[in-house]
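Please open the model in a viewer and keep the selection tool at hand.

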Amino acid sequence: MSAGTEKIDVIVSDIVKVNDLVTRFEFRRSDGGLLPTFSGGAHTVVEMKDGDITRLNPYSLMSDPMDQTAYTISVRRDDAGRGGSLFMHQQVKKGDRMVISYPVNLFSLDLRARKHLMLAGGIGITPFLAQIKQLSRSNGHFELHYACRTAALGSYVDELTSGHPNAVHIYYDDRQQVIDLERLLDGQPLGTHVYVCGPKGMIEWVRKTAADMGWPREAVHYEEFLAPQSGKPFEVYLKRSGKRIKVGEHESLLEAIERAGVDAPYLCRGGACGQCETDVLEHDGEFVHRDHWLEDADRASGCKIMPCVSRFEGRTLVLDR
Amino acid sequence: MTIQFNDETFRDDYTFRNSPWAIKRFPFPFHEDSYMYSVNMERHRGGPKGSVYEKRFDVDEHYLSEMRDRALVLAEDPLRCQSLPHMTLAGWDLLELIMVAKSEDYPDLFELHRNGNAWRWVNKPMGIDHSFTFLDDATLPHGPMEYITRQTQGDFAVLDQRDDNLWMDAGMVTTQADWSLDFDIGMNFFEWHAPVPLAHEMGVFQRALKFLLNVQQGSPARRLNWTMTVNPLLDTSPENYHKWGIQKTELTPENVGAKQHLRVELQTFFRLPRSNALVFPIRCYLIALQDVVSVPKWGRRLHRVIRDLPVELATYKGFVRNRPLIVEYLSQFDDGLPTSDGVWPDLETEPPLRSG
């Protein structure tokens, strides 16, 4: 049974170019009904039928969680990526029918927090947009620090600063504005939770700084979706299904397994949730682990792989699928 | 069909009875002639018509009497219902889930009229017609979780999800198999399961937690659990053990068929959308052994399961002392014939008891 298989048929009801890199898409149910409510921080997995390839990419929901008429996502164009974001930017038209998953939240607010301290980098702003809407309805206490490259690429800066002038702080890289993280963390009241979403380096910086300053691990929340990366093609034998498959250069191992008609579990498709963890039965070669789920011991054992983002280079790989 | 609600008690004079309809649809938990723990989860998306699995929240002939018993328990001990401050949103989630499900699944019994956040809830069996503002606590007589679970059969554990674990941070628990919400409140999944024997070593809880953390919106799951209870007591709580524990000494060969009950929990799991919490409804069904054995297949199988159960489990489930008496009684209904696979009664196809 694949997790995340609960699907919703939608129509692309609006497409808005936010800036040179980011475009916003709005989805409404094809049958005219209401969408499920969700919790701030949730994502949906969008199915993209790109010729023979079906891509399933996760995007954070940024609309008001209480608004059941439409969902919105923002997609940042990645010219060097495998093509999912380019497909969204170039192929998807208003009025198209698409399929998205029910909302899944791997980055939810800790509702015990007395204060929510949010740190966003670039397109990492999207989950916070929904969380801020959720918190605003319940008079939740939050503070956002949002780093963007330039004012021109600062998605949703105007809406955030005008809507929450005392809670939103913007930092532009090209003006050499940097979040003074140590000072910021040092001044927080007891019961504050920190949330970070942005590039890998930013997440590591925040987690390490907080840990060094004695913040409890449970009070530091992060979300980083890894996009699967391209790599050399490789062959895999799926022992349980008795199928030999080839993983293409621009295809993830999980996508290749699905293309072969084998039902494999998944949730986030970004190396974070652990749902697609797969047992390796035999291997002769090197793993390219890219997830942040497996423990070092799992990697060293050579017995596990996360097929949503990780790859393999070598002669033989046999999986229990 | 319109349900005829029983007027019955689960205490003192114990007038609780199952009708032939209730016996036939009883959620018999054993799919084979033996039992061991397993993470026996399946999706909760309906089931055979008339079965307890058909609706999201099963309503049966015991509804009104169970709600009266719950009110009595709460009047004596308000700590059976608790919700930590961060769980109020989850309480509203649960209220919405139950009101929507019941009004869709039982339109003749329940109605929900929504106009934005102005809601009107009609519970015909309980004579409730109440208008309130969704997400405004001040418009309900109790907190949202307490309000709706005073009108819904089964216990409810509302679990917060964080740090890759589940936390027992709210609940309504008055029909429990000897566990205490007041003791467990604030505990995580491993802490509240600590007393269960054997299963930890088998890795059952790691697997179960992993499954539960991934229960998704729109994809509820379910499983069954079971134990044994002397007399049809819903409230077998640690708090009241001094009242009901002693009743285990009152079994005799003459009364065991009527007094000893098989207690089955239909446990379901729903992701709550606004809070990302998980609600764990635990619905208790009771049946006297004399009613179990009216189904020949169930009589044969229950004898074999109870006879062969590991002693640790009989001890944990609290009937090791009475097991010889129970097995002796059940053995009369086991003629040694094979039983068909699965939990269903198979009344048309399974042979009647061969008189020995």
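**Before starting**

This is a predicted model, in which local features need pLDDT of at least 70 and side-chain atom pairs count only at pLDDT 80 or more, while totals for chains, interfaces and linings use all residues. Residues are numbered from 1 along each chain as its sequence is written, and chains are lettered from A and ligands numbered from 1 in the order in which they are written.

**Stop 1: chain A as a whole**

Select chain A. Its secondary structure comes to seven helices and 17 strands; helices (H or I, at least four residues) and strands (E, at least two) are DSSP runs, numbered from the N terminus. The radius of gyration of chain A is 20 Å, close to the 20 Å that the globule rule gives for 321 residues, so chain A is as compact as a globular protein of that length. Here the radius is taken over C-alpha atoms, and the globule rule is 2.2 Å times the number of residues to the power 0.38. Along the principal axes, the C-alpha trace of chain A spans about 60 × 50 × 35 Å.

**Stop 2: the parallel sheet of chain A**

Strands of a sheet pair through backbone hydrogen bonds, either parallel or antiparallel. Two strands count as paired if DSSP finds at least two bridges between them. Now select strands S8 to S12 of chain A: they form an open sheet of five strands in the order S10-S9-S8-S11-S12, with parallel pairing. Strand S10 (168-172) and strand S12 (220-223) of chain A are the edge strands, each pairing on one side only. Neighbouring strands of this sheet are turned by 15° against each other on average, direction ignored. Axes are lines fitted to C-alpha atoms, for helices over the stretch in contact, and angles run from 0 to 180 degrees between N-to-C directions.

Zoom in on strand S11 (residues 192-197) of chain A, which pairs with S12(A) in the parallel sense over four bridges. Val194(A) has Val220(A) in S12(A) as its bridge partner.

- Helix H2 (residues 126-137) of chain A lies across S8, S9, S11 and S12 of chain A, running at about 160° to S9(A).
- Helix H5 (residues 200-212) of chain A lies across S8, S11 and S12 of chain A, running at about 155° to S11(A).

**Stop 3: antiparallel pairs of chain A**

Select residues 234-238 and 243-247 of chain A, which are strands S13 and S14; five bridges join these antiparallel strands. Glu235(A) stands opposite Lys246(A) in S14(A). Which residue in the turn of this hairpin has a positive phi? It is Gly242(A), with a phi of about 65°, and four residues lie between S13(A) and S14(A).

Move on to strand S15 (residues 278-288) of chain A, which pairs with strand S17 (residues 311-319) of chain A in the antiparallel sense over eight bridges. Glu282(A) stands opposite Val318(A) in S17(A). S15(A) also pairs antiparallel with strand S16 (residues 304-305) of chain A, over two bridges. Asp279(A) has Lys304(A) as its bridge partner in S16(A).

**Stop 4: chain B as a whole**

Select chain B. There are 13 helices and 10 strands in chain B. The radius of gyration of chain B is 20 Å, close to the 21 Å that the globule rule gives for 356 residues, so chain B is as compact as a globular protein of that length.

**Stop 5: the three-stranded sheet of chain B**

Select strands S3, S4 and S5 of chain B, an open antiparallel sheet in the order S3-S4-S5. Strand S3 (110-115) and strand S5 (128-133) of chain B stand at the edges with a single partner strand each, so one side of each is left without a neighbour in the sheet. Six bridges join S3(B) to strand S4 (residues 118-123) of chain B, and Leu112(B) stands opposite Trp121(B) in S4(B).

**Stop 6: where the chains touch**

Show both chains. The contact takes 13 residues from chain B and 19 residues from chain A, where two residues are in contact if their C-beta atoms, placed from the backbone, lie within 7 Å.
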